[in-house]
Amino acid sequence: MATTRRDTLLKIQAEVQNWWEQEHVFDVDAPEDFDAEGGWSSLGVEPRQKPTFFVTFPYIYANGPIHLGHAFSLSKAEFAVAYQRMKRRPCLFPFGFHCTGMPIQASATKLARELETYGCPPQFPDTPQRTGADAGLDAPVDGSVGLKSKVLAKTGGLRFQYRILQAVGVPDTEIPSFTDPFKWLMYWPPIGMQDAKQLGLHVDWRRSFITTEANPYYDAFVRWHFEKLRAQGRIKFGKRYTIYSPLDRQACADHDRASGEGVQPQEYVLIKMQVLEPFPAVLEPLAGRRVYLAAATLRPETMYGQTNCWIAPDGSYGAYEVNADGDVFIVTERAARNLAFQYWSPVYGETRCLLGPFPGAALLGAAVRAPLSSYEHVYVLPMLSITSDKGTGVVTSVPSDSPDDYRALQDLKEKPALRRKYGLRDEWVLPFEPVPIIQVPEMGSLSAQAACERYRVHSQNDRDALAKAKDEVYLRGFYDGVLLVGPHAGQRVHVAKPLIRQLLLDQGDAVVYSEPERPVVSRSGDECVVALCDQWYIDYGEEQWKQLARTCLEAMETYHPETKRSFEAVLEWLREWACSRSFGLGTRLPWDPQYVIESLSDSTIYMAYYTVAHILHRDLNGQVPGAAGPASQLTPAVWNYVFLGQGDAESLPIPSSVARAMRREFLYWYPLNLRVSGKDLINNHLTFFIYNHVAIFPPDKWPLGVRANGHIMINNEKMSKSTGNFLTLAEAVRNFSADAVRFALADAGDGVDDANFQVKTADEAILKLTTLLALATEAQALLKNGQMRSGQPLQFWDRVMEAEVDALVAAAAHAYERLEFRDALKFAFYELQDALGIWRVAVGGDTDLTKLHHEVWRHYIHAQVIALYPICPHTCTWIWRRLLHEKSPAPPMHWLETSPLLGSPERVAIRAAGRYLQALLHRARLVLQKRLAHRSQRAGDAAAPTASTSTDDKEERERDPSDQVGARAVRVRLVVRTTPTAWQTRCVELVQQAYDPTTQSFAADLPKRIASDPVLRRVAKRAMALAMTLRERKDFTVALEFDEKAVLLENLGYLAQQLGVHEVELDVDGPEAEQRGVIMGEPVILVFDA
């Protein structure tokens, strides 16, 4: 495959990046005369209105190379900062590397285990054993999606850590050293920095750093942050239900997980349904013990209506001892494992199985006592829809208020064969009727039965209908239901629910139980549980703190309504967050150093650290001190002064001049203008980011904006190493060049839905950019030699081109401001190129560049490189320096000032006229195609005139009629009308009459007025379309912005040349216009033999 064009872009890329590095273009500092005490306020500027622009992107985890998914998110920050620099704003875009948490530690441990097991170099078996992060990840026997899918997608199906490191390019000789987790910290960040530089990021690399105690400066910053939170009472200690890895013996937060990110503990109430003697045969060895079927429920308020207990007849159960008193719970093994970590086992974390596993069918017919039920005892019956991955595998039945229970019980009542299949006696089933316990408006006291009848549920196998019935019953019952029984009768369900829950707990008839909402797998390959364990936690959700976070969110720009709604939802449910771990990489809790701060908690306000990092240390790792001296001097007083303005610079352990310089940097850049991130981080990091900013900083330093994006696919398929649909950033830049990658990233999409990086777009970008380079090189040579058209008034199409350029640059600016980069690319490149092509053809410049007017060309090429620069900076910088300013040092590239003519009547008219002519050409070509095709089919026949109006246009592929034999032998007549028709005038009158200027709205019956008007009846369809257009524009005229007759007269030759016909003639306001119903702006096109 020829790579000459790609290689040209790579050569330009290297040259431009060398210029940037030599000139330190993106290194930026606060001015020395900026007030280190008063900041922006001393200049009369409110800090939240500051002229500086500060943008960040979540620092990349340093356990491998940067990939295209990272690049997509960071490109949003990159395009934004590149644009803002051109707007003459001082801009800061720093870039760090995250090393905290379990991923690196787990990978290093896994590698060490592999080398110990298989030798060095390792001799792996042909069928590798599961180790570390792959252990326990087998697909479930029920055929559902296995827990390993996400792990395999990330590792490309490679099970051994050694081979994963080989696959990402680590030399074999270096791999053994990766058993030391700190090797990862030294190896990957420099590679990540080099790969990011190759993309041409506008980053101040002096401010880069790594996290963990390996960097003593950042370590000191995190310790200060946590001491501030603790002093405010926001960090607490106690037992909390937490997602927990038994293998790692510690809490497993989102970034510690191979799968299950965002999953939280789900709390149930376990109803203790005591098994009555005589026990079924399978339980006879437990005679004399208290044995309970432990039924998990989310609706304790409905226990008054229990009629039976459900189990899965084919499910696997065990009898587990749960306390020192010898009590026994019958549950699934998975539930018992969770219970053991919640102190429901004689030994914490260890299950004690007394019997089992045994099938649920062995329990059928057992009599149990159901707490609060009106029945003295009920029986264990089969339910086929119970699964082992939710709850305990035991479900209590309330058929009055659960459609699932109602239908399952009715099936057993109505189908004797079903009872015989499971050996059920009639007396276990038939006497038990639903018990009215909750009155629901419009549904009565047996809402489950009412809903099943409404949705025509005839069997427990009608899953879709049952789901609808259940949703309605649960929602209506909770909010509108009124309890009919018990001490809380007369109260609404949502009020009585917690009271009945507590009653059951106080009576010893229930216990609290939690499990993960969905399966969670740790980085070490362990299926996680919910554990009740001692831990330090951040008290997110505390009401006053939450209100501050809401206030911050209200003032923030989130760019998409969905993003704000997501934040609001998270603020509602987010509660205590475990912030400490027993081991892993990170910063140790200052007051309890046996614990390490977890990875989502040490990364919430590090944006502030960026502002001073280059003063603190001169390397990534914090091993080369900066002006502030050794990290040991960074006492809390230093951080308090720098970030909070507390204390006096003269009394600090670091030089006062350095302290003031740090304070100056912070005040100059803060608050953060924009945080860019994937939308998945709203559930944790981004919300923590808000909470911690409002806790640590005053309101004028709270963040100003967050821009969340979806994930990126490649060629409409999910990125995955296991399928090969994966690109590292370095691979992408090598394959396409930085500018082509950036072009495709901008084109990939801007919403919160998943975007799509198309390899085809990157390939086409290579062609498009090199074509632009060739054109600019050739045209600038002609311009330099004075060979372009000059010394005469601008032609019609010159004026159109100037107007189009100014309008498209303004449209691109608006898109850049809104961070809508796909639209920015559309205006800054695609539509500018379209305008260029139309102009060149119109003036003959498509075949001879000397026919281009030199001033218009100069205006275009400057606008082109400036508007495209944020997306393709290498190509644009090279054109700017090498072609446009070759004789002298190139001035900075600044965004074009808005033309004073933009939006003027003259500019509006000339743009409208140009687009009118292009639309007219399209219609005329279609008419000619039909005419010539008709003539070729009926050769020799007398050709009658044919005509077309706008209503005859069809969606078909356009062919140039001038390429067809005979096109020159015809002439075209345009029948034009320059005044409104009677029906148009009447339509405008009716629309104007329907408008109320006080409310700025239209009467609801406007369509009816149009349809019933006698003047409009014969043209009802066209009149309705016009009325809707006028209503949308709130415009009460059909007049064109330009003189249609004058424009056509000036362009008759152009139209004839473009259509390839003998002649184009005009018929203006003649009788034919009236006969054919011509309207302004839509000439009828007639074709005749020449």
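**Entry 1: the annotation.** I looked up the UniProt record first, and its unreviewed entry gives "domain: Aminoacyl-tRNA synthetase class Ia" for residues 48–110 and 193–590. I note that the structure I am reading is a predicted model.

**Entry 2: the two annotated spans.** For residues 48–110, I found 44% helix and 16% strand. The C-alpha atoms at the ends of this span lie 48 Å apart. For residues 193–590, I found 29% helix and 24% strand. The end C-alpha atoms of that span are 31 Å apart.

**Entry 3: the domain division.** I then looked up how the chain is divided. Domain 1 consists of 265–434 + 497–516, and domain 2 of 760–899. Taken over C-alpha atoms, the centres of domain 1 and domain 2 are separated by 74 Å.

**Entry 4: a pair of helices.** I recalled that two packed helices are described by the angle between their axes and the distance between the axes. I applied this to helix H25 (residues 821–843) and helix H26 (residues 854–868), whose axes come within 9 Å and cross at roughly 160°. Angles over 145 degrees count as roughly antiparallel, so H25 is roughly antiparallel to H26. The crossing of H25 past H26 is left-handed.

**Entry 5: the contact.** Which residues make the contact between H25 and H26? From H25, I listed Leu825, Ala828, Phe829, Leu832, Gln833, Leu836 and Trp839. From H26, I listed Val856, Trp857, Tyr860, Ala863, Gln864, Ala867 and Leu868.

Conventions: Residues numbered from 1 in each chain as written. Predicted model: local features only at pLDDT ≥ 70, side-chain atom pairs only at ≥ 80, totals over all residues. Heavy atoms only, no water. Axes fitted to C-alpha atoms, helices over the stretch in contact; angles between N-to-C directions. Helix = DSSP H or I, 4+ residues; strand = E, 2+ residues; numbered from the N terminus. Parallel < 35°, antiparallel > 145°, perpendicular 65-115°, else oblique. Left-handed = near helix turned anticlockwise from the far one by under 90°. Contact = heavy atoms within 4.5 Å. UniProt positions renumbered as here; feature names shortened; annotations may be inferred. Domains from an automatic or database assignment.
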